[in-house]
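Work through the exercises below with the model open. Try each task before reading its solution.

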Amino acid sequence: MANKVYTNQLPGRTLVVDGEEFLFFSGTSYLGIPVNEQFRNCVLEGMARYGTNYSSSRNSNLQLRVFEEAEEYLARYTGAEAAFTMSSGYLAGQALVQTLQGSGHFIYAPNTHPALWRSTSDEVTGDYDAWVGPMLEQVRESKYEHIILVCNSLDSLKARNHGFSWLSALPTDKQITLIVDDSHGFGVTGEDGAGVFAQLKARLQANVQLVVASSMGKALGIPAGVVLGDKELVDKLRHSHYFGGASPAIPAYLYAFLRCESLFKEARQKLFSNIVLFLQHLERPDQFSYFERYPVFGVHDHRMAPYLQEQGVIISSFRYPTPADDPITRVILSSAHREEDIQRLTGLINQFAQV
């Protein structure tokens with residue numbers, strides 16, 4: 001595991017630590033949006049119009065049209081009937097599960113993000129694949145008429161795509177709500193980066209209602225969260241105290257989001273090019289766990305992180321979920337990386353493989 005580093009600047013493709021510049025292959029800004037100058041200019045344009053923050057309630061007698069415009073766009077973009085935004089993915093997730101609390105029996109997949117826990121007792125650890133069989137049995141045998149299944153769309157820590165082949169095995173005689181956290185896929189996976197909603201929706205039986213909750217702060221670089229689902233559910237969320245009691249997403253960022261569709265598309269293509277380049281230059285891709293067109297590569301040998309750090313390259317490596325656990329080490333690519341950055345990284349990884 002690499003040593004911790006401290007800095008006073010936001011990392012992009014590089015990071016300066018104590019006057020020394022490192023290449024940076026970590027973090028969750030998969031599309032490089034926070035350091036994208038064109039996007040920053042759009043945010044500044046939005047701030048000139050809406051100020052730095054809007055601290056009023058969405059239920060106030062003053063209504064900013066940008067919220068409705070962003071939510072209508074998100075619904076069209078993802079194929080959902082309706083969308084609901086809040087100031088963070090965590091808050092959006094909490095609004096969702098607390099609103100549904102008491103309406104059915106919750107079953108959580110291992111390592112579901114805390115944003116979707118009703119309390120700490122909802123934490124489940126273990127292996128996702130091993131969970132599927134017993135979960136299906138539990139749903140089939142349950143005395144509850146409404147089952148609420150909660151899981152992540154993928155595992156960004158272990159660089160594994162969950163897959164949802166088990167959807168066809170769900171019983172058809174119960175009402176089932178499937179809640180999926182797509183925070184690490186939204187903006188990167190799915191058609192035009194629209195995430196997992198459309199592909200899951202197409203595979204569901206009539207008795208299964210799909211709800212996707214997501215941070216917009218990872219790939220898309222927007223400090224906001226979104227819930228995608230049926231209009232009836234979204235209306236219920238709009239009547240919750242979370243909607244009326246919390247400050248909304250910052251309007252300037254939603255303004256920028258609506259004006260940067262082509263920028264996000266361009267950044268996605270650059271990211272996919274970087275992924276192809278990385279794999280082409282690796283002599284031993286078997287050193288990593290990864291899946292197609294996703295920028296996270298799980299490292300099997302944790303000694304790679306300190307080796308790369310000594311050579312001026314910082315990758316992600318820390319003990320998770322507690323300081324007593326084994327380290328999780330990953331190489332994370334972004335759209336901000338240049339071709340020469342990828343070549344330097346792969347050259348060092350190929351050297352490490354021979355040590």
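Predicted model: local features only at pLDDT ≥ 70, side-chain atom pairs only at ≥ 80, totals over all residues.

**Exercise 1. Surface and overall build**

Task: Then describe its overall dimensions.

Solution. Residues are numbered from 1 along each chain as its sequence is written, and side-chain values use heavy atoms, with hydrogens and water left out.

Step 1: count the elements. The protein has eleven helices and 14 strands. Helices (H or I, at least four residues) and strands (E, at least two) are DSSP runs, numbered from the N terminus.

Step 2: Along its principal axes the C-alpha trace spans about 60 × 55 × 35 Å.

Step 3: look inside. Of the 355 residues, 52% count as buried. Buried means under 20% relative accessible area, exposed over 50%, partly exposed in between (1.4 Å probe, protein chains only). Among contacts with a separation of 6 or more, 71% join residues 24 or more positions apart. Contact means heavy atoms within 4.5 Å.

**Exercise 2. The sheet that holds E3 and E4**

Task: Give the strand order of this sheet. Find what packs on it.

Solution. Step 1: the sheet is open, has six strands and runs E3-E10-E9-E8-E5-E4, with mixed pairing. Two strands pair if DSSP finds at least two bridges between them.

Step 1: find the edges. Strand E3 (82–86) and strand E4 (105–108) each have a single partner strand, so one side of each lacks a neighbour in the sheet. The twist averages 20° from one strand to the next. Axes are lines fitted to C-alpha atoms, for helices over the stretch in contact, and angles run from 0 to 180 degrees between N-to-C directions.

Step 2: check one pair. E9 (residues 208–215) and E10 (residues 225–229) pair in the antiparallel sense over four bridges. Serine 214 stands opposite valine 226 in E10.

Step 3: Helix H2 (residues 65–78) lies across E3 and E10, at about 130° to E3. Helix H3 (residues 89–100) touches E3, E4, E5, E8, E9 and E10, and its direction makes about 40° with that of E10.

Step 4: turn to H6 (residues 231–238). Its buried residues are Leu233, Val234 and Leu237. They cover an arc of only 100° around the axis, which puts them on the same side of H6. The arc is that of the directions from the helix axis to the C-beta atoms. Their cover includes E3, H3, E9, E10 and helix H7 (241–245).

**Exercise 3. The sheet that holds E14**

Task: Order the strands. How many residues of E14 are buried?

Solution. Step 1: this open sheet of six strands has the order E1-E2-E13-E14-E12-E11, with mixed pairing. Its edge strands are E1 (14–17) and E11 (288–289).

Step 1: follow the bridges. Two bridges join E11 to E12 (residues 296–299) in antiparallel fashion. E12 and E14 pair antiparallel over three bridges, and E13 and E14 over four, also antiparallel. Glycine 298 has two bridge partners to note: serine 289 and arginine 330 in E14. Phenylalanine 318 stands opposite isoleucine 328 in E14.

Step 2: inspect E14. Six of its six residues are buried. Pro327, Thr329 and Val331 lie on one side, with Ile328, Arg330 and Ile332 on the other. In a regular strand the side chains alternate between the two faces of the sheet.

**Exercise 4. Two neighbours in sequence**

Task: Is glutamine 287 buried or exposed? Which residues does phenylalanine 288 touch?

Solution. Step 1: glutamine 287 lies in the loop between helix H9 (261–281) and E11. At 8% relative accessibility, glutamine 287 counts as buried. Beyond four places in sequence, its contacts include Gly298, Ile349 and Phe352.

Step 1: phenylalanine 288 is in strand E11. Its relative accessibility is 5%, so phenylalanine 288 counts as buried. Not counting residues up to four places away in sequence, phenylalanine 288 touches Phe278, Leu282, Phe297, Gly298, Val299, His300, Met304, Val331 and Ile349.
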